[in-house]
Amino acid sequence: MNNRLAGQSSPYLLQHSHNPVDWFPWCREAFEKAEAEKKPIFLSIGYSTCHWCHVMAHESFENQAIADILNRHFISIKVDREERPDIDSVYMSVCQAFTGSGGWPMSIFMTAQQKPFFAGTYFPPVSRQGILGFEELLLTIAKQWNGQTSKLLASADQIAAAVRQEQAAADHSPGDPSQELDKFAKRLPAQAAQIFAQSFDAENGGFGDAPKFPLAHNLIFLLLYAKLFDDESAAQQALVTLRQLRKGGIFDQIGYGFSRYSTDARYLVPHFEKMLYDNALLILAYAAAYKASGDLFFLQTAEQSADYIFREMTSGEGAFYSAQDADSEGEEGRYYTFGYDEIQRILGAECADAFCRYYGITKGGNFEGKNIPNLLHTDSPAIDSAFEPERKRLYNYRKARTSLHLDDKILGSWNSLTICAMTILYRVSGKPRYLTAAAKAQSFLEKHLSKDKILYVSCRSNAGSAPRFGDTSAYARSVPGFLDDYAYSTLALLSLYEASGSSVYLERAKTTCQEAMAQFADEHGGYYLYGDNHDALICKPKESYDGALPSGNSILALCFVRLSQLTQDPLYTQAAEKQLAFLSKQSAHYPAGYSVFLTALLCYTNPPEQITVVLSSKDSASQILPLLPLYASLTVLEHETGGYKLLNGKTTYYVCKNHTCLPPVNDLK
């Protein structure tokens, strides 16, 4: 029997549509019912490829006895964090305040006025190993609600007030932007570089202890910092880390693509779920590493990651899906691991022996008796293609052996990030397939996730499910977009403009950026996560910290800087200075947590060369772009214009740097 989630399009909500729990989606009806029946609300937040979300769902939400308690004493609401980052952000701050950490599944107990009074993450069904059981927790809260309601309500008021007070503390005016930038501009990047150096794991790559997240945007910052300040140490931190990531089990040696994070310091044992955004960010980092080092190892890794996205994460219309699950057949990592005898049987003894030696596969295994293929045991600086036939055989065998759940939701912000990755990969490789893929994905977003100037968070094919919100198109669209959607979309459009030379993308970037400024700006500085087009929550988050994904505020700062340099429009110059000044204060306590803002700051204080290329009929952009520096403001013209003529009938470069324009040349060297 289905519950109220059956009509939703989110794969995560649909996973719970057959639970005996009487789930509501986040909606007015749920809060009105809680108010009318004087019941507390249980809010559960997660996403479809979350391992511990699956565990709690199986143990508790599919448990009839626990469902009966929830249905009797609570109004239960289920939220997909990827569709509703606003709700996730507000209650994650609450969860972190309660527990000292956060994560998913997130479990929040709150009033009908959305005020939380208890929070946590995963709870087992019964108490074990010092963790309170979910059933006991529910009964305790239900008893307190019925016997000490006023006490819980007072606690909820205090927590809501504390959340608002914390938000208000961040809403301060940065003062005069130019003075703020003078104070912070040189100090913050250097401090961040020092923090990374102090925590760098020289043996294994990465920073700090396990678990280790790739956080590719930190590596991109280090590569840029190394280039601008000739810091060999910063460059090596990034390059060593990227090399170890590719050699480790966090990289799928058989099917390519990166998992979300490593549970150990060596990058051997990953948490096996694969997220689109991680792979997009890592493609950007590996492309930058290739340009910095000239080592084909990094370009090959970027292209293999793109191959994975094309093969397993791309729709027929060219949009990119969200994630693949860590679990198959109820077991984490089962899809990705192999027994030694299994490989012997599939490849044959002679081929298998060499293959196993190369990929570190043993009879004893390296993960719960099975093997995660990896290259950590070899010092080779290159990737050996000699085992390509065997790799393909194992890939096909693995796909037939078991299957993974695919979250086929199409998120606008993650797609925009992937568009950026594909355009940069095109620029460094010269292979048109990457630009074609980026342009095709952008066309999809414009068709299905935008209307007039308004962007939307996500969509999903209506095939096999009921349309939402009266939507009769092929795709069910979710809620209006948040700051991240507009910021990432602007960056994608700027990337497409620089790679293709089409001014259409530049004009759309300006329109999208200005819409973000209109919807989300705070007069005190910075930009709110949500605007007037969204539900009002107990507070209005203004995220600036770069976590697994860069914050919308950081990305928007980078967009302002790039638009200022590409257009020379004072609107964007002033916006850039104000945003950089705001983020300077936000990041002063720990600049290493704001690497995309620092990248924007470096671009502002060390403007890249402005290169305008006029192509001759004998050359194409795909031939020329790989020869150009990655750190540059590019305009590619396929034909002469009034201001830009061919010199000697050949492809001509117009270069401006340090406020000086050089004479046109046919040879960049």
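Me: Leaving aside its neighbours within four places in sequence, which residues is phenylalanine 42 in contact with?
Reply: This is a predicted model, and in it phenylalanine 42 is in contact with Trp23, Phe61, Leu70, Phe74, Ile75, Ser76, Ile77, Ser107, Ile108, Phe109 and Phe134. To count as a contact, heavy atoms have to be within 4.5 Å.

Me: And why is phenylalanine 42 called buried?
Reply: Buried means under 20% relative accessible area. Phenylalanine 42 has a relative accessible area of 0%, so it is buried. You'll find phenylalanine 42 in strand β2.

Me: What makes β2 count as largely enclosed by the rest of the structure?
Reply: Strand β2 covers residues 41–46, and six of its six residues are buried, so the strand is largely enclosed. Ile41, Leu43 and Ile45 point one way, while Phe42, Ser44 and Gly46 point the other way, and all are buried.

Me: How do you know that β2 pairs with β3?
Reply: Two strands pair if there are at least two bridges between them. Six bridges join β2 to strand β3 (residues 75–80), and the two run parallel. For instance, isoleucine 45 stands opposite valine 79 in β3.

Me: What about β2 and β4: parallel or antiparallel?
Reply: Antiparallel, over five bridges, with β4 made of residues 106–110.

Me: What makes the peptide bond between tryptophan 104 and proline 105 stand out?
Reply: Most peptide bonds are trans. The one joining tryptophan 104 and proline 105 is cis, with omega about 5 degrees. Proline 105 lies in the loop between α5 (85–99) and β4. Alanine 210 to proline 211 is cis as well, with omega near 0 degrees, and proline 211 lies in the loop between α9 (187–199) and α10.

Me: Why are β13 and β17 said to stand at the edges of their sheet?
Reply: The sheet is an open one of three strands, in the order β13-β16-β17, with antiparallel pairing. β13 (410–411) and β17 (475–477) each have a single partner strand, so one side of each is left without a neighbour in the sheet.

Me: How many bridges join β16 to β17?
Reply: Three bridges join β16 (residues 458–461) to β17, and the strands run antiparallel. The cut-off is at least two. One of the links has serine 461 with tyrosine 475 in β17 as its bridge partner. Helix α18 (residues 432–448) lies across β13, β16 and β17, running at about 65 degrees to β17.

Me: How do you know that the span of helix α20 is close to the expected one?
Reply: Helix α20 (residues 503–520) has 18 residues and reaches 26 Å from its first C-alpha to its last, against the 26 Å expected at 1.5 Å a residue. Its buried residues include Tyr505, Leu506, Ala509 and Phe520. The buried residues of α20 pack against α18, β15 (454–455), α19 (483–500), α21 (552–567) and α22 (570–587).

Me: What makes β19 an enclosed strand?
Reply: Six of the six residues of β19 (residues 632–637) are buried, so it is largely enclosed by the rest of the structure. Both faces are covered, with Ala632, Leu634 and Val636 on one side and Ser633, Thr635 and Leu637 on the other. Six bridges join β18 (residues 609–614) to β19, and the two run parallel. Glutamate 609 stands opposite alanine 632 in β19.

Me: Which residues lie nearest the centre of the second largest pocket?
Reply: Ile220, Ala288, Thr599, Leu630 and Tyr631, out of 38 residues that line it. About 1000 Å³ of space lies in this pocket.

Me: How much space lies in the largest cavity?
Reply: About 90 Å³. Of the 14 residues that line the largest cavity, the closest to its centre are Gly249, Phe251, Asp252, Tyr336 and Ile372.

Me: Why is asparagine 658 called exposed?
Reply: Exposed means over 50%. Asparagine 658 has 68% relative accessibility, so it counts as exposed. Histidine 659 has a relative accessible area of 86%, so it is exposed too.

Me: And what makes the phi of asparagine 658 worth a look?
Reply: Most residues other than glycine have a negative phi. Asparagine 658 has a positive phi of about 50 degrees although it is not a glycine. Histidine 659 also has a positive phi, of about 65 degrees. Asparagine 658 is in the loop between β20 (652–657) and β21 (660–661), and histidine 659 is placed in the loop between β20 and β21 too.

Definitions and conventions. Residues numbered from 1 in each chain as written. Predicted model: local features only at pLDDT ≥ 70, side-chain atom pairs only at ≥ 80, totals over all residues. Heavy atoms only, no water. Helix = DSSP H or I, 4+ residues; strand = E, 2+ residues; numbered from the N terminus. Axes fitted to C-alpha atoms, helices over the stretch in contact; angles between N-to-C directions. Expected span 1.5 Å × (residues − 1). Buried < 20%, exposed > 50% of the residue type's maximum accessible area, 1.4 Å probe, protein only. 1 Å grid on protein atoms, 1.4 Å probe; cavity = no way out; pocket = protein on both sides within 12 Å on 5 of 7 lines; lining within 4 Å. Points joined across faces, edges and corners; volume = space filled by probe spheres on them.
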